Amino acid sequence: MAVNFHRIAYEALDACNAVGMDRIDAAVALAGPAHGARALDIGCGNASVSIRLAERFGLNVDAVELDPAMAELAGERIAASPDVAVWLDLPWTTTVRRVVR
């Protein structure tokens, strides 16, 4: 397991930014994406938002994280979610994953 400040600081958080999950939900609901639409989560951190978008809104999410420790954490969370699956893991990087419902 890779460990750095970001992994320690963000492992327990729902979202790795100043915007709460309720505001993210409201913004996505207002946008009204169709079930199965694609979304891109750049700098997905711990993947909580990516997983939420897949679970709550039925989106196919490309979750991108360049920090290896955070990408590892994102992969663990995606793999542990009963409602989503890792569909894409590019051979040249472990930092891009597609989260699908």
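The protein has 4 helices and 4 strands, where helices (H or I, at least four residues) and strands (E, at least two) are DSSP runs numbered from the N terminus. Along the sequence these elements follow the pattern α-α-β-α-β-α-β-β. The model is a predicted one, in which local features need pLDDT of at least 70 and side-chain atom pairs count only at pLDDT 80 or more, while totals for chains, interfaces and linings use all residues. Residues are numbered from 1 along each chain as its sequence is written, and side-chain values use heavy atoms, with hydrogens and water left out.

The pLDDT, which is the predictor's confidence in each residue on a scale from 0 to 100, averages 78 for the protein, and 74% of the residues score at least 70. Over residues 91-96 the pLDDT is below 50, and this stretch has 12 contacts in the model beyond near neighbours in sequence; a contact means heavy atoms within 4.5 Å. Where pLDDT is low, the predicted coordinates should not be read in detail.

Of the 101 residues in the protein, 42% are buried. Buried means under 20% relative accessible area, exposed means over 50%, and partly exposed lies in between, with a 1.4 Å probe and protein chains only. Among contacts between residues at least 6 apart in sequence, 60% join residues at least 24 apart.

Two packed helices are described by the angle between their axes and the distance between the axes. Helix H2 (residues 21-31) and helix H3 (residues 48-57) pack at an angle of about 50°, with their axes 11 Å apart. The axes are lines fitted to C-alpha atoms, for helices over the stretch in contact, and angles run from 0 to 180 degrees between N-to-C directions. H2 is therefore oblique to H3, since angles under 35 degrees count as roughly parallel, over 145 as roughly antiparallel, 65 to 115 as roughly perpendicular and the rest as oblique.

On the H2 side the contact is made by Met21, Ile24, Asp25, Val28 and Ala29, and on the H3 side by Ser48, Val49, Arg52, Leu53, Arg56 and Phe57. These residues divide into 7 nonpolar, 1 polar and 3 charged; Ala, Val, Leu, Ile, Met, Phe, Trp, Tyr, Cys and Pro count as nonpolar, Asp, Glu, Lys and Arg as charged, and the others, Gly among them, as polar. Asp25 of H2 is buried, with a relative accessible area of 10%. Not counting residues up to four places away in sequence, Asp25 touches Arg52, Arg56 and Phe57.

H3 itself is mostly covered, with 7 of its 10 residues buried; among them are Ser48, Val49 and Phe57. In the loop between strand S1 (38-42) and H3 lies Ala47, which at 0% relative accessibility counts as buried. Its phi is near 75°, a positive value in a residue other than glycine. H3 is followed by Gly58, whose phi is also positive, near 70°.

Ala71 lies in H4 (residues 68-80) and is buried at 2% relative accessibility. Ala71 and Ala47 are 24 residues apart in sequence and 8.4 Å apart in space, C-alpha to C-alpha.

Glu11 is placed in the loop between helix H1 (5-10) and H2, and is partly exposed, with a relative accessible area of 35%.
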